[in-house]
Amino acid sequence: MNLDYINQYLSETEKIIQGIDRREIANAINMLSQLKRNQGRLFIGGIGGSAGNASHAVNDFRKICNIEAYAPTDNVSELTAWTNDKNFDVIFKNWLLTSKVSNKDILLVFSVGGGSLKTSYNLVLAMETAKEVGANIISIVSRDGGAAKKFSDVCILIPIVFEERITPHAEGWQAILWHLIVDGIRD
C-alpha cells in the first residue's frame, strides 16, 4: 500500500476536524437531551451508506441514551411497499405520517448532499413533513448542505477538503459525530 495515499487521507481528516462547527454539535447534544427529557422520539433518515449509518445510530441512541429511536430503512417490507405502491420519493414522508410524527419528535438526517429536487428528494419531503408538524430537524451533511441546511434547526456541515472523497468523508464523519453526540448525551 502506498503510504502517500494514507498520509493524504489522514491529512484530509485533520482538515475536516478543524472545519467542524463545535457549537452545532453542542446544539445537537442539547436538543437531543431535551428530546430525551420530554420523552419524544427520534427518527433517523438516510439513503445508501447513510441508511446503514442510520440503522447503527438507532442502536446507540436506544441502548446508550435510552431514547426511542427508529430508522425507516430498517423496515424493508414497508419501505419497498411504499416504493412499489407509490414511489421512492414518499418513503420517509409516509413513514413519518404513519408514525404520527409530532412536535415532540426530532428527525435526524444523514446525507452526503442534504437532499434536493434531483437527489434524495425523499429526505426533502420528510423534512417538509417534519416541519409541518413542528418537529425539530438535525442534519449531518456535506457539500453545501442542500435542503437539509435550509430545513434544519441544527446543521452540522462536514467540510469538503478533497472533491473526490466527499462521500467517504461525509459518511465516515456521520459516524464520528453521532458517536460523539451519543456520548455527550450519556455524560
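# Helix packing and the sheet

Trainee: At what angle do α4 and α5 pack?
Mentor: This is a predicted model. In it the axes of α4 and α5 are 9 Å apart. The angle at which the two helices pack is about 120°.

Trainee: Why is α4 described as it is relative to α5, and what is the word for it?
Mentor: The angle between α4 and α5 is about 120°. Angles of 65 to 115 degrees count as roughly perpendicular, those over 145 as roughly antiparallel, those under 35 as roughly parallel, and the rest as oblique. That angle therefore makes the relation of α4 to α5 oblique.

Trainee: Which residues of α5 make the contact with α4?
Mentor: The crossing of the two helices is right-handed. From α4 the contact takes E78, L79, W82 and T83. By class, the contact of α4 with α5 has four nonpolar, three polar and one charged residues. On the α5 side the contact residues are I91, N94, W95 and T98.

Trainee: Which elements do the buried residues of α5 pack against?
Mentor: Helix α5 covers residues 91-98, and I91, F92, N94, W95 and L96 are buried in it. K100 follows the helix, with a positive phi near 55°. The buried residues of α5 pack against β1, β2, α4, β3 and α6.

Trainee: In what order do the strands of the open sheet run?
Mentor: The sheet has five strands with parallel pairing. Its edge strands are β2 (68-70) and β5 (154-157), each pairing on one side only. From one strand to the next the twist averages 15°. The strand order is β2-β1-β3-β4-β5.

Trainee: What is the bridge partner of G45 in β3?
Mentor: Strand β1 spans residues 41-45 and β3 spans residues 106-110. The two strands pair in the parallel sense over four bridges. In β3, G45 has as its bridge partner V109.

Trainee: Which strands does helix α6 touch?
Mentor: Helix α6, residues 121-133, packs on the sheet. Its direction makes about 160° with that of β3. The strands touched by α6 are β1, β3 and β4.

Trainee: What angle does the direction of α8 make with that of β4?
Mentor: Helix α8, residues 166-186, also packs on the sheet. It touches β3, β4 and β5. The direction of α8 makes with that of β4 an angle of about 135°.

Trainee: In β4, what is the bridge partner of L108?
Mentor: β3 and β4 pair in the parallel sense over five bridges. β4 is mostly covered, with five of its six residues buried. The β4 bridge partner of L108 is I138.

Trainee: Which residues of α8 make the contact with α1?
Mentor: Helix α1, residues 3-19, packs with α8 at an angle of about 60°, their axes 12 Å apart. That angle makes α1 oblique to α8, and the crossing is right-handed. From α1 the contact takes Y9, E12, T13, I16 and I17. The residues from α8 are P168, H169 and W173.

Trainee: How many Å apart in space are W173 and I17, C-alpha to C-alpha?
Mentor: W173 is in helix α8, and at 9% relative accessibility it counts as buried. Not counting residues up to four places away in sequence, W173 touches T13, I16, I17, I20 and I158. In sequence W173 and I17 are 156 residues apart. In space their C-alpha atoms are apart by 9.5 Å.

Trainee: Is Q39 buried or exposed?
Mentor: Q39 lies in the loop between α2 (22-37) and β1. Its phi is positive, about 60°, although it is not a glycine. Its relative accessibility is 66%, and the cut-off is over 50%. Q39 therefore counts as exposed.

Trainee: What is the relative accessibility of R143?
Mentor: R143 is in the loop between β4 and α7 (146-151). It is a residue other than glycine with a positive phi, near 50°. R143 counts as partly exposed, because its relative accessibility is 42%.

Notes. Residues are numbered from 1 along each chain as its sequence is written. This is a predicted model: local features need pLDDT of at least 70, side-chain atom pairs count only at pLDDT 80 or more; totals for chains, interfaces and linings use all residues. Side-chain values use heavy atoms; hydrogens and water are left out. Two strands pair if DSSP finds at least two bridges between them. Axes are lines fitted to C-alpha atoms, for helices over the stretch in contact, and angles run from 0 to 180 degrees between N-to-C directions. Contact means heavy atoms within 4.5 Å. Buried means under 20% relative accessible area, exposed over 50%, partly exposed in between (1.4 Å probe, protein chains only). A crossing is left-handed if the near helix is turned anticlockwise from the far one by less than a right angle, and right-handed if clockwise. Ala, Val, Leu, Ile, Met, Phe, Trp, Tyr, Cys and Pro count as nonpolar, Asp, Glu, Lys and Arg as charged, and the others, Gly among them, as polar.
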